[in-house]
Amino acid sequence: MIGWDNYEEYMMMHADGELEPAEERELMEFVSAHPELKAELKAYSLTRLSPDETVVYTGKDSLLRTEPAKRVIAFPQWWRYAIAAGVALLLSLSFYKYREVNKIVDSIAVTNIPATITPKTVQPIMDTNTAVVPKEIQAPKSGVAIVTPQRKIAPVTDCKQHKVAPIAREEKQEHRVAAVKDTTTRAVQPIAPVEQPQVAVEKEQPIIRVDTTAAVAALPVPEAQDDGMPKKRSLIDRLPIDESNKNQLRKLFRVVKGTYNGVSKVKQELDTGEITVSVEDNKLRVSF
Amino acid sequence: MDAKEYNACVREWADALFRFACKCTGQASDAHDVVQSSFEVLWQKKGEVDAMKAKAFLFQVAYRKSIDNYRKSVKINYVAPPEESYAPHNPDLKKILERALAQIDEQARALVLLKDYEGYRYEEIAEITGLTDTQVKVYLHRARKILKEYLVRVENII
């Protein structure tokens, strides 16, 4: 509220341009109500200075700083860069395509089930319905199968029964793999050195190695027979030892057998009475 | 602030800063030194000063340097403005105002110049000068009253 005690402050704020529009109106109304204050208000308004625009600073150039120039890269022989860029692009595309193809092959190898199972082969059957065996991880001939960890590694189901899996049994099951041995004449050969069970694995897992030699060697395999029917093998043949050791064992067995036969013959003659052996007076008497 | 923005400040604010320095110091040569020093400080602190606040920074430096320059002198007689800054539109009023400015101290003069020349508000002037808003208002009103009284004297009535 403007009064006689503060009107001068309002006039100075008017000269400073600090009054709000409402305050400005209030001041004008107060001055209109008291015309004797108009001269004072005009005097305060005249105290407001205005800059002289003609006064300029003449040393601007000395104050200016050098601005960093824009970098210009010239390509006088642009075709060289174009060729280099093209080669780089070609290599990049080739590498990209190579990786894409590898991905496809991997996916096929993992997801595809062997289309056909050779009827002439017999393999130990892996016991899993969902397992798939990619070609890349089939067991090598050394008897080491490459499998993935944390997977359901199918056990060799027919090991306990000491049987050879029938071929037709698993052919219709889509996610089962039958390891089959090549026996066109149904003559089964020893498995250990050549036959490798395919181990069922799931997809996309790191590869580990599992030694299946021992398990395969423990498999009882019937020997071949001329009539195609399996015959009972000897005890030595069943032993999981090398053939040379088996031969040594056979020689030892023959020596033992010969000695046994000699002793049996003597015993038989003794039983028939042809030879009489008695002990008399601490002397051994043999009568023929 | 980069060199480009700094140069833009030179082109835009050097004249206003020179006019302000001329009124504060009363000497064109001193005003030149103040302007040059102010921009030198701005260049040195260009990494800290935002381009939008460069003008206030320049006037802050110029105000302090003008005050320092005034205090170094035993006495400054604000008798006449620099010739290059004197271009009166109304010779009588301009002359009277120039004489009236000589009646007030250098700090009040700087406040009036910042208010009238550059149009700063009280709080902006307080930020530049380092005073409080109340101090700015009191000093300004005191200067206005001195100027008004000078104008309404019998011998200066216009």
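I took a charge to sit over a ring if NZ of Lys or CZ of Arg is within 6 Å of the ring centre and within 35 degrees of the ring normal. The model is predicted, so I kept local features to pLDDT of at least 70 and side-chain atom pairs to pLDDT 80 or more, with totals for chains, interfaces and linings using all residues. Residues are numbered from 1 along each chain as its sequence is written, chains are lettered from A in the order in which they are written, and side-chain values use heavy atoms, without hydrogens and water.

**Charges over rings.** I found B:K46 over the face of B:W43, at 4.1 Å from the ring centre. I noted B:K115 over the face of B:Y122, at 4.8 Å from the ring centre.

**Aromatic pairs.** I counted rings of Phe, Tyr and Trp (its six-membered ring) as paired if their centres lie within 6.5 Å, with planes under 30 degrees apart as stacked, over 60 as edge-to-face and the rest as tilted. Over all chains there are eight aromatic pairs. The A:W4 and A:Y7 pair is edge-to-face, because the ring centres are 5.7 Å apart and the planes stand at 75°. Ring pairs join A:W4, A:Y7 and A:F30 into a cluster.

For burial I used relative accessible area: buried is under 20%, exposed over 50%, partly exposed in between (1.4 Å probe, protein chains only). A:W4 has 49% relative accessibility and therefore counts as partly exposed, whereas A:Y7 has 12% and counts as buried.

I then looked up B:Y6 and B:W43, whose ring centres are 5.0 Å apart with planes at 65°, so this pair is edge-to-face. The pair links distant parts of the chain, B:Y6 in helix α1 (residues 3–25) of chain B and B:W43 in helix α2 of chain B, 37 residues apart. B:Y6 and B:W43 are both buried.

**Helix α2 of chain B.** I took helices as DSSP runs (H or I, at least four residues), numbered from the N terminus. The 17 residues of helix α2 (residues 28–44) of chain B should span 24 Å at 1.5 Å a residue, and the end C-alpha atoms are 24 Å apart, which agrees. The expected span is 1.5 Å times one less than the number of residues. Among the buried residues of α2(B) are B:V34, B:F39 and B:W43.

**Interface.** The contact (heavy atoms within 4.5 Å) takes 31 residues from chain A and 44 residues from chain B. I recorded nine salt bridges between chain A and chain B, each a side-chain nitrogen of Lys or Arg within 4 Å of a carboxyl oxygen of Asp or Glu. One of them joins B:K148 and A:E40, with the closest N and O atoms 3.7 Å apart.

Conventions. Helix = DSSP H or I, 4+ residues; strand = E, 2+ residues; numbered from the N terminus.
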